[in-house]
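Have the viewer open as you read.

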Amino acid sequence: MAFTRATGKHRRPSRLTRKSASMAGVAALATTGVIGGLASPALAADAAHAVQDTGLTEAIVIGDSLADEIAAQADQQKRAAAKAEAARKAEAERKAEAKRKAQAKAEAEARAKKEREERAAQERAARAAERKRLNSYTLPVAGSVVTTGYKTGGNLWSSGSHSGVDFRAASGSSVVSVGAGTVVEAGWGGAYGNNIVIRMNDGTYTQYGHLSSIGVSVGQAVTSGQQIGVSGSTGNSTGPHLHFEARTSPEYGSDMDPVAYLRAHGVNV
């Protein structure tokens, strides 16, 4: 018996008809955005094939879960970048602070060193000035001049000549040690009246005679320019003045030229 295909409205659509309808449906779904990136592989493949077949532009719709995941990743990356930038800034600030501290320490050390050097220089200068003062010599009466020279002859002196020099000094004038030394005699000296003998630090001796008063005692150390007495006219004297001698020993007769002596020690006489 021969079979014939049914006709009319009960006829099964042909394969070509079914494919056209399927393509039209897929195109409609793609156009409305129903097909997304998270569709099943088979559906995505059919949809892609259908879109290609129909010539429509492919549209990918990202689902909420994937969008959230991408946003979370972006936020995590942003936080990581912010954390790295904060760490970089903190490290830069730490290094800058360390550099500032090191610089401040170096400056403080430099200032301290400079202050120590300045103090040391001042101390050296003070010691040098003190040594100079101690080793310096001065006139026995400030601003005075010699009125009677060394070895001047006459019957005023028992030896027949002047064993020292006379400095002009009104009664009550301050008499000072011409240099640093130690007092070896302080008291009445016969023709010298009230007198003082000082052993100088260089081993020589100086004598100061005809004083009205004595201001030092035996064994006392004196410095250059220190007052030791007051001028007058005691002993064998014709009037107020200071009799000054330079000697090689404390004894009478060991005298030397007082002016030459003072000049040799830098005193302008």
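## Starting at the β9/β10 pair

β9 and β10 pair in the antiparallel sense over two bridges, with A246 standing opposite M256 in β10. Strands here are DSSP E runs of at least two residues, helices are H or I runs of at least four, and both are numbered from the N terminus. Two strands count as paired if DSSP finds at least two bridges between them.

A word on ground rules: this is a predicted model, so local features need pLDDT of at least 70 and side-chain atom pairs count only at pLDDT 80 or more, while totals for chains, interfaces and linings use all residues. Residues are numbered from 1 along each chain as its sequence is written, and side-chain values use heavy atoms, leaving out hydrogens and water.

## β9 and its other partners

β9 also runs antiparallel to β2, joined by three bridges, and V165 stands opposite F244 in β9. With β6 the arrangement is antiparallel too, this time over five bridges; there Q207 faces E245 in β9.

Six of the six residues of β9 are buried, so the strand is largely enclosed by the rest of the structure. Buried means under 20% relative accessible area, exposed means over 50%, and partly exposed is in between (1.4 Å probe, protein chains only). L242, F244 and A246 point one way from β9, and H243, E245 and R247 point the other way.

## D255 and friends

D255 sits in β10 (residues 255-256) and is buried, at 18% relative accessible area. Its side chain makes a polar contact with the side chain of Y150 at 2.6 Å. Such a contact is a pair of N or O atoms within 3.5 Å; within protein, one must be able to donate a hydrogen and the other to accept it, and residues adjacent in sequence count only if both atoms are side-chain atoms.

Leaving aside neighbours within four places in sequence, D255 is in contact (heavy atoms within 4.5 Å) with residues including K151, E245 and R247. K151 lies in the loop between β1 (146-148) and β2 (165-167) and is partly exposed at 46%. K151 has a positive phi of about 65 degrees although it is not a glycine.

## The core

The largest nonpolar core has 24 residues, and I196, I198, Y208 and I228 have the most contacts inside it. The elements giving two or more residues to this core are β2, β5 (194-200), β6, β9 (242-247) and α4 (258-264). A nonpolar core is a set of buried Ala, Val, Leu, Ile, Met, Phe, Trp, Tyr and Cys residues joined through side-chain atoms within 4.5 Å.
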